[in-house]
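Reader: I'd like to learn how to read a fold like this one. Can you walk me through it?

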Amino acid sequence: MPIVSLIIIAIIALLLIIVIVRNIKIVPQAHAFVIERLGAYYQTWGTGLHLKVPFIDRISKKVSLKEQVVDFPPQPVITRDNVTMQIDTVVYFEITDPKLYTYGVERPLSAIENLTATTLRNIIGDLELDSTLTSRDTINDKIRIILDEATDAWGIRVIRVELKNILPPREIQDAMEKQMKAERERRARILDAEGEKRSQILVAEGLKESAILKADAVKESKIREAEGEAQAILTVQKANADALRMLSEADPSQKVIELKSLEALAKVADGKATKLIIPSDMSKVASLATSVKELVTDVKE
């Protein structure tokens with residue numbers, strides 16, 4: 001075989017090897033390749049090694065199956081009470097059908113952005129300013145449901161939608177800041193008033209408890225004083241009763257009785273009374289005193 005023929009065969013073989021190698025494709029993880037054969041959709045390649053037929057098959061689109069995040073620029077919207085504000089949204093989505101994503105809509109991200117803007121205007125148009133600022137979760141859920149239904153035909157699943165920023169006009173912001181400042185001042189005054197009220201209540205309760213304790217102390221003191229006086233009276237009366245009992249048991253003579261009368265008269269005279277009644281038988285008392293003196297003298301001897 002001539003050398004020229006061998007060279008030609010070698011070149012052809014080398015070209016075939018190059019063509020085959022160049023048509024071996026590896027699809028990475030979480031990706032998919034959409035394949036067209038002679039200009040029509042043929043199949044979708046998943047993760048792994050694939051061989052493309054040269055000059056017949058071509059890769060129409062390489063699709064990422066990962067969750068994707070798109071931050072759309074602020075959109076002007078008007079609320080029901082005619083307040084114009086700027087709202088920017090963030091959309092989280094993933095591609096579930098590479099074929100529909102490739103052939104369903106031209107420029108899918110632009111379609112999602114326009115659909116998000118129109119849906120946002122429709123929802124915000126039914127809300128007032130205050131409701132818009134306090135109903136982010138509700139607005140997010142409504143937009144997500146509408147986008148998810150609309151993008152099913154494009155092979156896209158909308159996972160969630162977030163309102164990133166809500167920017168009302170400057171004059172509205174100033175009014176809201178003044179309102180918030182007034183509300184904070186009102187709450188501060190209420191807290192101060194409640195604190196003062198609580199302080200006065202505690203002081204009044206303290207005074208009340210102190211007065212009660214003082215009254216209880218005075219009451220207890222008087223009770224104990226009265227009990228002491230009663231006990232003293234009982235002791236004196238008991239002593240007098242014992243003395244009378246002993247005197248009665250001793251069977252005293254008339255002279256002893258007259259002596260006791262003299263002692264009682266002496267006590268009366270020594271008191272603070274302004275009038276003194278002297279018994280008519282004062283001579284008997286005198287003679288009784290003489291007898292007592294003689295009796296004491298006899299005892300001493």
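Author: The chain's secondary structure comes to eight helices and nine strands, taken as DSSP runs (H or I, at least four residues, for helices; E, at least two, for strands) numbered from the N terminus. This is a predicted model, where local features need pLDDT of at least 70, side-chain atom pairs count only at pLDDT 80 or more, and totals for chains, interfaces and linings use all residues. Residues are numbered from 1 along each chain as its sequence is written, and side-chain values use heavy atoms, with hydrogens and water left out.

Reader: Which residues of H5 are buried?

Author: Start with the general idea: an α-helix has 3.6 residues a turn, so residues three or four places apart point the same way. Here, Ile139, Asn140, Ile143, Leu147 and Thr151 are the buried ones in H5 (under 20% relative accessible area with a 1.4 Å probe, protein chains only; exposed is over 50%, partly exposed in between). They cover an arc of only 100° around the axis, so they sit on the same side of H5; the arc is that of the directions from the helix axis to the C-beta atoms. Asp137 and Glu149, on the other side of H5, are exposed.

Reader: What do the buried residues of H5 pack against?

Author: Strand S8 (84-95), helix H3 (108-124), helix H4 (129-134) and strand S9 (156-167), with contact meaning heavy atoms within 4.5 Å.

Reader: Which residues have the most contacts inside the largest nonpolar core?

Author: In soluble globular proteins, nonpolar side chains tend to be buried together. This core has 30 residues, and Ile87, Val91, Leu120, Ile139 and Ile143 have the most contacts inside it. By definition it's a set of buried Ala, Val, Leu, Ile, Met, Phe, Trp, Tyr and Cys residues joined through side-chain atoms within 4.5 Å. H3 supplies its largest share, six residues.
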